[in-house]
Amino acid sequence: MEQKDLPIALGTEKIGKLLMQYAIPAIIAMTASSLYNITDSIFIGHGVGALGISGLALTFPLMNLAAAFGSLVGVGAATLMSVRLGQKDYDTANKILGNVFVLNIILGLAYTVVVLSFLDPILYFFGASDATLPYAHQYMEVILLGNVVTHMYLGLNAMLRSTGRPQKAMYATLFSVLINIVLNPLFIFVFKWGIQGSAFATVISQTAMLVWQITIFSDKKHFIHLKKGVFKLQRKIVVDSLAIGLAPFLMNAASCVIVVIINQGLIHYGGDLAVGAYGIVNRMTFLFVMITMGFNQGMQPIAGYNYGAGQYARVTEVLKKTILSATIVMTSGFLIGELFPHAVVSVFTNDKKLIDLAVDGLRIVFIFFPIVGFQMVTSNFFQSIGMSGKAIFLSMTRQVLFLIPCLLILPTLFGVKGVWFSMPSADLAASIVSVFMLSSQFRQFKKHAAAQKLESL
Amino acid sequence: MNETFVINIGRQLGSGGRQIGEKLSAEFGIGFYDKELIQLASKESGLGKEFFEKADEKSSFSFIGGLLGLRTNINNEVYVNNYLCNETFFKIQSDVIRELAGKESCVFVGRCADYILRDNPRCINVFITADTEDRIKRVAQTYQLSLDKAQELIVKTDKKRAEYYNYYSNKVWGAAGSYHLCINSSVLGMDQTVAFITQFIKQRLK
């Protein structure tokens, strides 16, 4: 996020054009991230088997948590960086870069040490069975050893974005996905390294990109580069970065906890294959959610600027267009999931039992997707106009607040189907809440606009 | 003194910093900018005044504040700017300050102006304090508060100003090393303090 001067075009250019302009890079980047996990799942599903996918699915919360820690520093530091660049304070900016570097090494190693020491108990708690544990363990072992790389890669990507090189960050993401896609089949099918092969592919692809990032940041010609003296940790930078990054981190951590609860429910009521089925369904959900989140990110500057400038008509317009785009995306997902679930799931696995479970699950989870688009955009809308509290609340309703009671109650009534039904139930409830909050907000807008008219008389 | 110069005044609440700034601007016949900056920033950017007012010299950096303030982004990977955030308001305001300082001599009150103009060789950075009793009395009078409430306001405001300054600048608010001159306005009284500072400035600019 570079703190460039306010582009006045935000207030004058056609909304549709602006939305595409801002959303597309975000969509590409976020979809690429989700493709990462999808490719791992596909190759493991075919190369290692149904238990392999189940084992992999167990590790998702750990990996998300690792990524969340990785972003903890990056997100905060990116904000600090843009302040410094806005003030042309390159000395402090370079120190921020150095601190990100070192802090990520420290956090990465700490996470590795802690999780590795308790890996098996953690995996059992996450829903592993004796059958799936070896797969999950082998996979995580390699991932954890490479965790430092993941952290640093994510952190430096954030630095690339905030120092005005978002395209390079996007390339880093894209190329790491591509390398992963190439190495996965090589390691699994040719070298026969099993599930660890997939983990190695992930780590190696990120290492390659990390090396590239370090080369970029070693270029002395750019005003922000790594050099002697910037690596000393400065209390102010560390504390401020962590403080800023804490909120998104906690949101992320909360959704990890939810996945753990879901997996626990699934293993209890359904068994290993149910966990694997959810892993597949989750990956597909993620894909469509990421595209929608790309649109959300595109909406943010447009809605934010125009709200700040009091141009409420444009705010409403961008909101409508984003809701429309998101709904189209999520409805496509809905149609694919409901009409062609077999085809979708077969991409991941050949195992008949797993396919059946995943197809059932997919159909259930995707039921309310057409309105989830609206819910997600509404939550982000509040974020864009500065009402973070409401945004977080709405996001939590869908991911945590309604989900937890459903997950606790429904399985006791409906068994494993209860676990699956919890998700669309939460979707529906959250969407209803969004409708209320949004209409209430718009009533306030109208009052405000009317008051403004009176004032200007 | 034909070239332009800038006087930046950092101040504790109730120390009389604003008054001193006004008197200095009258003394030298130069512009005075305190809350006026908000109006200018709003005009310059097209963003509403109320946003700059809310972000003015306070920032919520505690956990809860950061969560609910204008800063939190719930996405992990942010590819696009959110312009409606405190950092943007600061940047806009800082651009206004730089523009003004480039055109004419002026007095700026607070808002990290000393940091923003740190590369300007003709800056005089002053920090105004006062005895606690005087500050409480002044605040109680200005804001029509009881002495207790005035004291509360002083503690709260100073804390917010310090957080704001420490976050946006690379210096420490109220620390002697951040300024050219730190002075307690209670010692000499308002008029004499202004005279003292004026003398300091004149000598500095020779």
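Colleague: In chain B, in which sense do β4(B) and β5(B) pair, and over how many bridges?

Modeller: In this predicted model, β4(B) and β5(B) pair in the parallel sense, and four bridges connect them. One position to look at is Ile128(B), which stands opposite Ile183(B) in β5(B).

Colleague: And what about β4(B) and β1(B), how many bridges there?

Modeller: Six bridges join β1(B) and β4(B), again in the parallel sense, and Val6(B) has Cys123(B) as its bridge partner in β4(B).

Colleague: Is β4(B) largely enclosed or left open?

Modeller: Six of the seven residues of β4(B) are buried, so the strand is largely enclosed by the rest of the structure.

Colleague: Which residue does Ile7(B) bridge to in β3(B)?

Modeller: The bridge partner of Ile7(B) in β3(B) is Val107(B). The two strands concerned, β1 (residues 6-11) and β3 (residues 106-109) of chain B, pair in the parallel sense over four bridges.

Colleague: How many helices and strands does chain B have, then?

Modeller: Chain B has ten helices and five strands. Of its 206 residues, 47% are buried, and among the chain B contacts with a separation of 6 or more, 69% are between residues 24 or more positions apart.

Colleague: What pLDDT does chain B average, and where is it below 50?

Modeller: The average pLDDT of chain B is 88, and 88% of the residues score at least 70. Over residues 62-74 of chain B, however, the pLDDT is below 50, although this stretch has 39 contacts in the model beyond near neighbours in sequence. For the complex, the predictor gives an ipTM of 0.87 and a pTM of 0.89.

Colleague: Switching to chain A, how many helices and strands are there?

Modeller: Chain A has 18 helices and zero strands. Its radius of gyration is 22 Å, close to the 23 Å that the globule rule gives for 457 residues, so chain A is as compact as a globular protein of that length. The C-alpha trace of chain A spans about 70 × 55 × 35 Å along its principal axes.

Colleague: What share of chain A counts as buried?

Modeller: Of the 457 residues, 57% count as buried. Among the contacts in chain A with a separation of 6 or more, 81% are between residues 24 or more positions apart.

Colleague: What span should helix α8 of chain A have, and how far apart are its ends?

Modeller: At 1.5 Å a residue, the 25 residues of α8 (residues 166-190) of chain A should span 36 Å, and the end C-alpha atoms are 36 Å apart, which agrees.

Colleague: What do the buried residues of α8(A) pack against?

Modeller: They pack against α2 (15-47), α7 (147-162) and α9 (194-218) of chain A. The buried residues of α8(A) include Ala169(A), Ala172(A), Thr173(A), Ser176(A), Val177(A) and Asn180(A). Much of that spacing is in threes and fours, and an α-helix has 3.6 residues a turn, so residues three or four places apart point the same way.

Modeller: At 1.5 Å a residue, α7(A) should span 22 Å, and its end C-alpha atoms are 23 Å apart, which agrees. Just after α7(A), Gly164(A) takes a positive phi of about 80 degrees.

Colleague: Last one, is Ile371(A) buried or exposed?

Modeller: Ile371(A), which is found in helix α15 (residues 369-384) of chain A, is buried, with 20 other C-beta atoms within 10 Å. The C-alpha atoms of Ile371(A) and Thr327(A) are separated by 6.8 Å, and these residues are 44 residues apart along the chain.

Key:
Residues are numbered from 1 along each chain as its sequence is written. Chains are lettered from A and ligands numbered from 1 in the order in which they are written. This is a predicted model: local features need pLDDT of at least 70, side-chain atom pairs count only at pLDDT 80 or more; totals for chains, interfaces and linings use all residues. The expected span of a helix is 1.5 Å times one less than its number of residues. A residue is buried if 20 or more other C-beta atoms lie within 10 Å of its own, exposed if 12 or fewer, and partly exposed in between; C-beta atoms are placed from the backbone. Two residues are in contact if their C-beta atoms, placed from the backbone, lie within 7 Å. Two strands pair if DSSP finds at least two bridges between them. The radius of gyration is taken over C-alpha atoms; the globule rule is 2.2 Å times the number of residues to the power 0.38. pLDDT is the predictor's confidence in each residue, from 0 to 100.
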